Amino acid sequence: MRRFLVLVLLPQEPSVIERRARQRHLVPDHWGIELHYRGVQAAPATNLCPADFALAEIALFEAGFTAQEEGFDAVLVDSMSDTAVDALRSVLDIPVVGPGRAAFLTALMLGERVSVLAMWSHWAVLYTRTLGAMGLLSRLASVRSIEEAPDTRHLLAGKEAEIFPKLLEAGRLAIEEDGADVICLGSTTLYQAHAYLAERLPVPVINPAPLSYLVADIMFALSLRPSRRAHPKPLLDQQAMVRAMMTAAARQEGTR
Amino acid sequence: MPKILVLVPFPMAADQLALRQAQSKAVPLEPGTTLHYRPVKAAPRTYVSQQDYVLADLSLFEAGLSAQADGFDAVIIDTVSDSGVNALRSMLDIPVVGPGRAMFLNALMLGDRFSILAMWKHWSGLYKKTLTELGLMERLASVRSIDIVPDNRNLLGGKEEDVFPKLLEAGKRAIEEDGADVLLLGSTTMHQAHGYLAERLPVPVINPGPLSYKMAETAIALRLSHSRAGYPKPMVEKSAMVRAMMDGAAAAERGRPVEKLS
């Protein structure tokens, strides 16, 4: 049994984290992966602008940097933003996988142009940032947003009847008008809509978090690890300082 | 009377800060421009890994958060990593200038391909980060490193005779072998070598710190600041949390000597 740690960019709160953890059922049991979900000590309210990014990076980094000594075999980030993936790779020798890169690169194994379905257009920067860094912006057919404020704690429960058809319509437009041949859910928080969309849309629909678990497992199985040249180790381990920062953040935010 | 805040990326003593301040003598500033240098509360020991970049972003972000409220007209980061620049831009309306972007984009106003002169190869990731963001990696002719451990507190003092000729040799090779038509100093901490190199090399040599001062003055004079569409404000601002984090970091680091690097 492999043990993977999944980091969630929300303060640790059992019912909230459990809602994310239900994504574990999207991976077949016989695959043999045990998924542990963990929140952060404190978090920005959203992850949409550079001020948020700076906080999100360090919060997720701190939540994951002991993963290897805790005996985990891989680390995942439960966010299409791929926040903290590079920083964690610089200190860990186990696979660290972000759903953003995994989703886009897998999309290009299934088709030529990808559209992303988003709850609101504020998310667009997360996709253009990752695709831009990979030099793949030209493969983005569109970001189709349904302009609904997302609820990262409660997800889509109770709103299925309203949200699912809107996402379906956005997916159809992405295919017919924007030329997408693969659709990618724009957030791991949309996982509940995946089955509904995949049944009704005529192209592959990628559910980023479960995909990322299996990508990590492939890396684990094939003994492939993130390149140390691209992610050099720091000359000095400063985890005590990072821990002190997040402890102070939690105290300030009253999340502890 | 432009008042500009220069954020220094490491905590340091007054004599070390003076070595940073000396950059202001390398360029004529507009009458009335004043530069105020402010070190961060705590910092990564060096900037060589993604762990360090995360810490660097947060430490410079915190050091500059109050700049607008403090009455400054612009903020500059005294490191070509441009750490904290994006985060500060999403909070502040005044121009925030990073010497990294400034030097790369100015190089392309002077030539087509540039090389970077670095103290050690560990700095390569910093340049790649900004050039990738800009989509300009193919304009980089090379990073030429002289493989000498940099001293980000005391800079090049006392090592001029050793370091300057090595940098000159690296610059010559960048031009002749790598095809560079502009050279960039790979760190604001190398500013003391600029005059020596610029006199002896046949292509423009950019000194990123002083360049960033002129860029900030220009932005103020032309009333240009960063795009709010490109750097949106956070929906919920967390300045108190950021401050608490850096106070926590400073407390954890208090009394700890600066570790020696080899």
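How much area do chain B and chain A bury between them, and what share of it is on carbon and sulfur atoms? In this predicted model, the two chains bury about 3200 Å² between them, and 75% of that area is on carbon and sulfur atoms. The size of an interface is often given in this way, as the accessible area lost when the parts come together. On the chain B side, the residues that lose the most area to chain A are Gln50(B), Gln51(B) and Met241(B), which together account for 21% of what that side buries. Counted by residues, the contact involves 40 residues of chain B and 41 residues of chain A.

Now turn to the inside of chain A. Four strands of this chain form an open sheet, in the order E2-E1-E3-E4, with parallel pairing. E2 and E4 (96–97) stand at the edges and have a single partner strand each, so one side of each is left without a neighbour in the sheet. Strands of a sheet pair through backbone hydrogen bonds, either parallel or antiparallel.

The pairs can be taken in turn. Strand E1 of chain A covers residues 2–11 and strand E2 of chain A covers residues 33–40; they pair in the parallel sense over 7 bridges. Within this pair, Pro11(A) stands opposite Val40(A) in E2(A). To get from E1(A) to E2(A), the chain passes through helix H1 of chain A, residues 14–21, in a β-α-β crossover that is right-handed. Further along the sheet, strand E3 of chain A, residues 74–77, pairs with E4(A) in the parallel sense over 2 bridges. Here Val75(A) stands opposite Val96(A) in E4(A).

Helices also lie across the sheet strands. Helix H2 of chain A, residues 50–64, lies across E1, E2 and E3 of chain A and runs at about 145 degrees to E1(A). H8(A) lies across E1, E2, E3 and E4 of chain A, at about 140 degrees to E1(A).

H8(A) has a helix contact as well. The axes of helix H4 (residues 99–110) of chain A and helix H8 (residues 208–221) of chain A come within 9 Å and cross at roughly 90 degrees. Because of that angle, H4(A) is roughly perpendicular to H8(A). H4(A) contributes Pro99(A), Ala102(A), Ala103(A) and Thr106(A) to the contact, while H8(A) contributes Pro208(A), Ala209(A), Leu211(A), Ser212(A) and Val215(A). Of the residues in this contact between H4(A) and H8(A), 7 are nonpolar, 2 are polar and none is charged.

Definitions and conventions:
Residues are numbered from 1 along each chain as its sequence is written. Chains are lettered from A and ligands numbered from 1 in the order in which they are written. This is a predicted model: local features need pLDDT of at least 70, side-chain atom pairs count only at pLDDT 80 or more; totals for chains, interfaces and linings use all residues. Side-chain values use heavy atoms; hydrogens and water are left out. Two strands pair if DSSP finds at least two bridges between them. A crossover is right-handed if, with the strands pointing away from the viewer, the path from the first strand over the helix to the second runs clockwise. Axes are lines fitted to C-alpha atoms, for helices over the stretch in contact, and angles run from 0 to 180 degrees between N-to-C directions. Angles under 35 degrees count as roughly parallel, over 145 as roughly antiparallel, 65 to 115 as roughly perpendicular and the rest as oblique. Contact means heavy atoms within 4.5 Å. Ala, Val, Leu, Ile, Met, Phe, Trp, Tyr, Cys and Pro count as nonpolar, Asp, Glu, Lys and Arg as charged, and the others, Gly among them, as polar. Buried area is the accessible area (1.4 Å probe) that two parts lose on being put together, summed over both.
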